[in-house]
Amino acid sequence: MTAVRVRRIADGEASVLRAIRLRALAETPLAFGSTHAREAAYDDATWERWARDAAGSDRQAVFFAVDDRDTPVGLASGVIRDEEPALA
């Protein structure tokens, strides 16, 4: 069995975020508060900003589940919104 570990996204991994997120939206659409069509339409700048912010913010994060070759195989994310700081 291949070991899976979890690591935080790094700035510059926008293309990886896009690929994993769109695959997850296509495979399990009810698990997300968005749609594949909506996010597939995001431009490169949106993905780059999301990856950069998720890599270095204390208010949001994206984590990849990666295999033993550090290849992302899944993701999880969380956001603390100013209007509801008790929810994440």
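The model is predicted, so local features need pLDDT of at least 70, side-chain atom pairs count only at pLDDT 80 or more, and totals for chains, interfaces and linings use all residues. Residues are numbered from 1 along each chain as its sequence is written, and side-chain values use heavy atoms, with hydrogens and water left out.

Start with the parts list. The protein has 3 helices and 3 strands. Both are DSSP runs, numbered from the N terminus: helices are H or I with at least four residues, strands are E with at least two. Along the sequence they follow the pattern β-α-α-α-β-β.

Now look at the sheet. The 3 strands form an open sheet in the order β1-β2-β3, with antiparallel pairing. Two strands pair if DSSP finds at least two bridges between them. β1 (5-8) and β3 (72-79) are the edge strands; each has a single partner strand, so one side of each lacks a neighbour in the sheet. On average, neighbouring strands are turned by 25° against each other, direction ignored. Axes here are lines fitted to C-alpha atoms, for helices over the stretch in contact, and angles run from 0 to 180 degrees between N-to-C directions.

Go strand by strand. β1 and β2 run antiparallel and are joined by 4 bridges. Valine 6 stands opposite alanine 65 in β2. On the β3 side, alanine 65 faces glycine 74. β2 (residues 60-66) and β3 pair over 7 bridges, again antiparallel. Phenylalanine 63 has alanine 76 in β3 as its bridge partner. The hairpin of β2 and β3 has 5 residues between the strands, and there aspartate 70 takes a positive phi near 65°.

Which helices pack on the sheet? Helix α1 (residues 14-27) touches β2 and β3, and its direction makes about 90° with that of β3. Helix α3 (residues 44-56) touches β1 and β2, at about 95° to the direction of β2.

Finally, step back. A compact globule of 88 residues would have a radius of gyration near 12 Å, and the protein agrees because it has 13 Å. That radius is taken over C-alpha atoms; the globule rule is 2.2 Å times the number of residues to the power 0.38. Contacts (heavy atoms within 4.5 Å) also reach along the chain. Of those with a separation of 6 or more, 53% join residues 24 or more positions apart.
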